[in-house]
Amino acid sequence: MRKNKAIKVATAAVIAGSAITAVAPLQSEAATNSVDKAITKATNQMTKAFNVYYQAAKYKGKLPSTTTIRKEAKLARQYYEAAKKEIAKKGGSKKAAYTKKLEAKKPYLTRAENYVAAVNVNIAAKKTAFNTAVEGGTQRKVFLAQQALDQKNAEFKKAVAKVFGPDARRLLLAKYYTPTEKLSATVDAEMAVYQVYREIEQKDLIEKDLAKTAKLIESVKDEVAVIAKKDTKLAKNIMKAVDRIHRYKPTPVPTPTPGPAPVPTLELELNSIQAAVSNGGTLRHDTANTYILEGPSTAVVNSLIVGANLDGFTATVVSVAGYPVNKSFTDNDGDTSITVNLNDVLPIELNLATMKGFFGEKAAIVINLSKAGAKTVTETITLDIEVVDAK
């Protein structure tokens, strides 16, 4: 009996040991299965998220629903992070192999998220603010709104450059970037004029720098012509600023008071005024010191020829239409005349259209004639500007 009992105990111990040994492989296999499942779930979702936009763009020529791509990309990220945790927890000796398998599909997740990052750039809000500003017609608000819109559109274009797939990039730019660019351009003329005329007013250039004022106005003359034909509130407000500048008259330049001088023994007199006018223009004497400057709008006044009764005199152009100049020219060749190059007086091309637009129908030119030993003579020459274009 004792022998039989001992055999039974030994047998039971062997069976128990076998059972314990069999449990370990089952647990390892279960862990492996959970990691594989997590990886498969993540890689499938990452591939799906990528294909949602890529295949729609490449094979159907359209973009996916923004809601759909956001949802699929979000799930792909969640499953990817969950798979990483599962590998770290249960990967055991196969962690490196599992990680390599998961990361092989990671580019699909990156591409899907780059697409979502592009469509998440909120251009719509800036477009709404821009349209509201334009409708309101306040120049500075439109200027700031256009800047904000352009910056956001540039941000979107930069984000699109990171999107994988030329078809998707092309469709994104066509749907969002190009229409926004065109919308911004609808007020380019207004904003160009606004900035120029704001600079003239803020820096008081009419009083301080007539030449720069003339250059600035000339630089946006085409834009002003475009705006003048528009009937928007913004265009009308811009034209008010333009009219205000053109109506403004600078403070007249006082004639210098001469100091004590020897009693003059010579009498200096203005004899004649002639002009070199190209492109079909002419200058003819009317009455006294009034001359008629006539011709097509493209006629250009290149120079004035001032004649006096004495040689060696100096002609100083004091002002033109009230604008200070104070530019002197001296007769050095003894022929009693001086050629005044008008580009040295006002550094713009003085065609009749520009002169009439800037000075009005009449332009008064104040000239001082001086010579050593003679009394300085001040003459005011009036140019009656008449533009005659063929019809």
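Axes are lines fitted to C-alpha atoms, for helices over the stretch in contact, and angles run from 0 to 180 degrees between N-to-C directions. On that basis, helix H5 (residues 123-136) and H6 pack at an angle of about 160°, with axes 9 Å apart. The model is predicted. Its chain holds 14 helices and nine strands. Of its 391 residues, 37% are buried. Among contacts with a separation of 6 or more, 68% join residues 24 or more positions apart.

**Helix H5 against helix H6**

- The angle between H5 and H6 is about 160°. Angles over 145 degrees count as roughly antiparallel, so H5 is roughly antiparallel to H6.
- H5 passes H6 in a left-handed crossing.
- On the H5 side, the contact is made by Ile 123, Lys 126, Lys 127, Ala 129, Phe 130, Ala 133 and Val 134.
- On the H6 side, the contact is made by Lys 141, Val 142, Ala 145, Gln 146, Ala 148, Leu 149, Lys 152, Asn 153 and Phe 156.
- The residues of the H5 and H6 contact divide into ten nonpolar, two polar and four charged.

**Helix H6 against helix H8**

- Helix H6 (residues 139-160) also packs on helix H8 (residues 188-202), at an angle of about 120° and with the axes 10 Å apart.
- That angle makes H6 oblique to H8.
- The crossing of H6 past H8 is left-handed.
- H6 contributes Gln 139, Arg 140, Val 142, Phe 143 and Gln 146. They meet Asp 188, Met 191, Tyr 194, Gln 195 and Arg 198 in H8.
- The residues of this contact divide into four nonpolar, three polar and three charged.
- Val 142 and Gln 146 are listed in the contact of H6 with H5, and Val 142 and Gln 146 are also listed in the contact of H6 with H8.

**Two residues of helix H1**

- Lys 37 lies in helix H1 (residues 2-60). Its relative accessibility is 61%, so Lys 37 counts as exposed.
- Lys 37 and Glu 86 are 49 residues apart along the chain. Their C-alpha atoms are separated by 9.7 Å.
- Thr 43 is also found in helix H1. Here the relative accessibility is 11%, so Thr 43 counts as buried.
- Leaving out residues up to four places away in sequence, Thr 43 touches Lys 101, Leu 102 and Lys 105.

**The three-stranded sheet**

- Three strands form an open sheet in the order E1-E4-E7. The pairing is antiparallel.
- Strand E1 (270-278) and strand E7 (337-341) are the edge strands, and each pairs on one side only.
- From one strand to the next, the twist averages 20°.
- Strand E4 (residues 300-308) and E7 run antiparallel and are joined by five bridges.
- Ser 303 has Asn 341 in E7 as its bridge partner.

**The six-stranded sheet**

- Six strands form an open sheet in the order E2-E3-E9-E8-E5-E6. The pairing here is mixed.
- Strand E2 (282-287) and strand E6 (323-330) are the edges, and each pairs on one side only.
- Neighbouring strands of this sheet are turned by 25° against each other on average, direction ignored.
- Strand E5 (residues 314-320) pairs with strand E8 (residues 362-370) over six bridges, in the antiparallel sense.
- Ala 315 stands opposite Leu 369 in E8.

- E2 and strand E3 (residues 290-295) run antiparallel, joined by five bridges.
- One of the paired positions is Arg 284, with Ile 292 in E3 as its bridge partner.
- E2 and E3 form a hairpin with two residues between them.
- In the turn, Ala 288 has a positive phi of about 50°.

Methods:
Residues numbered from 1 in each chain as written. Predicted model: local features only at pLDDT ≥ 70, side-chain atom pairs only at ≥ 80, totals over all residues. Heavy atoms only, no water. Helix = DSSP H or I, 4+ residues; strand = E, 2+ residues; numbered from the N terminus. Buried < 20%, exposed > 50% of the residue type's maximum accessible area, 1.4 Å probe, protein only. Parallel < 35°, antiparallel > 145°, perpendicular 65-115°, else oblique. Left-handed = near helix turned anticlockwise from the far one by under 90°. Contact = heavy atoms within 4.5 Å. Nonpolar A, V, L, I, M, F, W, Y, C, P; charged D, E, K, R; others polar. Pairing = 2+ DSSP bridges.
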